[in-house]
Amino acid sequence: MSIITLTTDLGLVDNYVASVKGAILREIPKATIVDITHEIPSFDLQKSAFVLKNCYQDFPDGTIHIIGVNSESDVDTPHVAILSNGHYFIGADNGVFSLIFDNPPEKVVELTISQDTDRITFPTKDVFVKAACHIARGGTLEVIGSNRKELAVRTAFRAVSENNIIRGIATYIDHYGNVITNINESLFKEFGKNRPFKILFRSAEYEISEISSAYSSVIEGERVALFSSTGYIEIAINKANASKLFGIHQGDIIRIEFYD
């Protein structure tokens, strides 16, 4: 029996998450359901993509991932099911998948399954669950959809390097207030070539001049930069909230200057 994961912006206050789980269990009583998160800010595709991209490969091959963020469909935004890297993904083709996959998926179908209700405001439960349970029972994508050649593309801001400077942004702020950038380790090392550097943020009001191996490499309350588990440079404060104390928000510029 496949694992079904849930990544949504439904929150934990209302009945929505329970309704989605109930719909799964009604079809497959012994289903294994894993909550990745239901605390994605409303309609935030970038955060939902970041979270799922950085954990889905920790699940076994064949896992089915439902993405219930900005999930209503229209003429330009159909519902799709995807096979990529040994995993299945179900959601609206609103650009989120282009932020998750580094390579084109093996298979994409536009869902053609019908709902059991005339209400179309809750596709995560009424459409995505039906598709997920079909796959979990061993069904093929071709039965529930028609082949689709391309997915909608949403362009992510990429770190750029020139004139001894790497310029990136804060792409994600986690529960602890740690700031994860879009500057990855390979770019940092290839461009930096072991030169001294300064990581600058908040218009150069703050800086860090070394990469540490752990938060505890500095004393409590001290700023620290390290390569996070995602492979990107992270700015943190040992046992404190870097985002709040430094005033860094998602989308803020992070700059690294190298010198000889």
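Cys55 counts as buried because its relative accessibility is 17%, where buried means under 20% relative accessible area, exposed over 50% and partly exposed in between, with a 1.4 Å probe and protein chains only. Cys133 is also buried, at 0% relative accessibility. The sulfur of Cys55 is 20 Å from the closest cysteine sulfur, that of Cys133, which is too far for a bond. A disulfide is taken as a pair of cysteine sulfur atoms within 2.5 Å, and the whole structure has 0 of them.

The model is predicted, and local features need pLDDT of at least 70, side-chain atom pairs count only at pLDDT 80 or more, and totals for chains, interfaces and linings use all residues. Residues are numbered from 1 along each chain as its sequence is written, and side-chain values use heavy atoms, with hydrogens and water left out.

There are 13 aromatic pairs; rings of Phe, Tyr and Trp (its six-membered ring) pair if their centres lie within 6.5 Å, and count as stacked with planes under 30 degrees apart, edge-to-face over 60 and tilted for the rest. Phe188 and Phe227 are edge-to-face, since their ring centres are 5.8 Å apart and their planes stand at 70°. Phe188 belongs to helix 6 (residues 185-192) and Phe227 to strand 13 (residues 223-227), so the pair ties together parts 39 residues apart in sequence. Helices (H or I, at least four residues) and strands (E, at least two) are DSSP runs, numbered from the N terminus. Phe188 is buried at 10% relative accessible area, whereas Phe227 is partly exposed at 22%. Phe201 and Tyr206 form a stacked pair, 5.8 Å centre to centre with 20° between the planes.

Phe188 and Phe227 also belong to an aromatic cluster with Phe191, Phe197 and Phe258. Arg195 lies over the face of Phe191, 5.7 Å from the ring centre; a charge sits over a ring if NZ of Lys or CZ of Arg is within 6 Å of the ring centre and within 35 degrees of the ring normal. The charged end of Lys47 is likewise placed over the ring of Tyr172, 5.9 Å from its centre.

The largest pocket holds about 990 Å³ of space. A pocket here is an open set of points on a 1 Å grid over the protein atoms alone, where a 1.4 Å probe fits, with protein on both sides within 12 Å along at least five of seven lines; lining residues have an atom within 4 Å of a point. Its lining has 36 residues, with Lys53, Ser98, Leu99, Ala156 and Arg158 closest to the centre.

Technical notes
Grid points are joined across faces, edges and corners, and a volume is the space filled by probe spheres set on the points.
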